[in-house]
Every structure is written in C-alpha cells, then in structure tokens.
Amino acid sequence: MGMQPTARLMCNIEIAPENEHDADVAVIHEVGRELVSALQQNGYAVASVYKGKPGGGKLFYQVASGNVRLESNPAEASEIVEGLRLLLQAVSPIVHVLWLAGKKVLHAPASLRVCMALGDLELSLAPIDVEDEERIARLALSIQRQYLLPQLPSSQRITFSGRVAQSNYGRRAP
C-alpha cells in the first residue's frame, strides 16, 4: 500500500444555527471567532470563505493543517479503511477545537452538534468518536462497513458542520 508524500490537509468548516428560525447571529459569529482563534493558536491556517450575504447566519472557513501523510488511491476495502483512519486521525484535532470553541462560548440549554461530510456522506460525530486512535479506527471501519465507500474523498471534500441549537437562550455572559 503506497503512501503519498506528506501533503497539506485542507478541509471546510461551517458554523450555522441548527434551526434558522432560532438563529442568534451574534452567537454564531462568537463561536466562529473562538474557533478561528483556537485553530490559529494550534498552528492551522484559516481563511474565511464568502458564501452569501455578509453578517448572515452561517459562517464558512477553509482550514489547512501542517503536512500529513495520507493514503494514495486505495483500491481494496481494507486499504480504504486504513486511508480513512489516517484521514480521521489528521482531522480529529480540528474536530476537538470545534467542540471546545462551542463549549467555551455556549452553555445549556444551547448546544453544538458536529457533523462530518465526506463527499456526499454526512454523519454526526460525538467527541468520543475521535478521542483516541482505537476509537478512530473503529469509526473508520464502521463508516466503510455501513456506507461501502468506493474511494477516499479528497480532503477538500471534507466538511465539518457545527450546528448551534437553541442559541437565543444559551449565550454566555460577556
């Protein structure tokens, strides 16, 4: 199974309200500011991506990590699982930073739900899903068994969505 030389990992992050009718734009932007700050402090390059009207209820970012090793064009299911495991390991710190940003800004009853889209496949993630290598390996195997991915998605087709629920009621005091 051949490895690519190390490459910069790129992925997308969207911060949005769970329900557009329950949106507090100020809270969405506060979570976004905290996310960007935390990612930059952890060595990630973050660029805001314009998608719609300024000041709207959704924020989009493109995130670049340092160099990571990823599988090159795996052909067999076992190679896809291994490539997926490497990919999930590479993005797990980004997922943790997203949860921590939500935790720092929001308090009950507000919450942040994190979803990961791999190409056309979307699934919810819990913090424990990417907590350590063993759980990441189980998640990779579970994804391959459940969805039978024919190939690994490009890292640029990975999107994390942070969905803020009940934001009108869960904003932290300044």
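This is a predicted model: local features need pLDDT of at least 70, side-chain atom pairs count only at pLDDT 80 or more; totals for chains, interfaces and linings use all residues.
Residues are numbered from 1 along each chain as its sequence is written, and side-chain values use heavy atoms, with hydrogens and water left out.

Let me begin with the overall layout. The chain has three helices and six strands, where helices (H or I, at least four residues) and strands (E, at least two) are DSSP runs, numbered from the N terminus. Read from the N terminus on, the elements run β-α-β-β-α-β-β-α-β. Of the 174 residues, 46% count as buried; here buried means under 20% relative accessible area, exposed means over 50%, and partly exposed lies in between, with a 1.4 Å probe and protein chains only. If we take the contacts with a separation of 6 or more, residues 24 or more positions apart account for 78% of them, a contact being heavy atoms within 4.5 Å.

Now to the helices. Two packed helices are described by the angle between their axes and the distance between the axes. The axes are lines fitted to C-alpha atoms, for helices over the stretch in contact, and the angles run from 0 to 180 degrees between N-to-C directions. Helix H1, residues 25-41, packs on H2 at an angle of about 135°, and their axes are 9 Å apart. H1 and H2 are therefore oblique to each other, given that angles under 35 degrees count as roughly parallel, over 145 as roughly antiparallel, 65 to 115 as roughly perpendicular and the rest as oblique. Their crossing is right-handed, the term for a near helix turned clockwise from the far one by less than a right angle, with anticlockwise giving left-handed. On the H1 side the contact includes Val27, Val31 and Leu35, and on the H2 side Ile94, Leu98 and Lys104 are among the residues involved. By class, this contact has ten nonpolar, no polar and three charged residues, where Ala, Val, Leu, Ile, Met, Phe, Trp, Tyr, Cys and Pro count as nonpolar, Asp, Glu, Lys and Arg as charged, and the others, Gly among them, as polar.

H2, residues 77-105, also packs on H3, residues 133-147, at an angle of about 130° and with the axes 8 Å apart. That makes H2 oblique to H3, and this crossing is right-handed. Among the contact residues are Ile80, Leu84 and Leu88 of H2, together with Ile136, Ala140 and Ile143 of H3. The residues of this contact divide into eleven nonpolar, three polar and two charged.

Turning to the strands, S4 (residues 111-118) pairs with S6 in the antiparallel sense over eight bridges, and two strands are said to pair if DSSP finds at least two bridges between them. Within that pairing, methionine 116 has phenylalanine 160 of S6 as its bridge partner, and leucine 118 has isoleucine 158. S4 is largely enclosed by the rest of the structure, because six of its eight residues are buried, and S6, residues 158-165, is mostly covered, with seven of its eight residues buried. S4 is also joined to S5, residues 121-125, by five bridges, and these two strands run antiparallel; here alanine 117 stands opposite glutamate 122. The hairpin of S4 and S5 has two residues between the strands, and glycine 119 takes a positive phi near 65° in it.

Finally, some single residues. Alanine 108, in the loop between H2 and S4, is exposed, with a relative accessible area of 63%, and a cis peptide bond with omega of about 10° joins alanine 108 to proline 109. Leucine 148, in the loop between H3 and S6, has a positive phi of about 45° although it is not a glycine, and at 61% relative accessibility leucine 148 counts as exposed.

Is tyrosine 61, by contrast in setting, buried or exposed? Tyrosine 61 lies in strand S3, residues 59-68, and counts as buried because its relative accessibility is 8%. Leaving aside neighbours within four places in sequence, its contacts include Cys11, Ile13, Leu35 and Val49. Tyrosine 61 and valine 49 are twelve residues apart in sequence and 5.3 Å apart in space, C-alpha to C-alpha.
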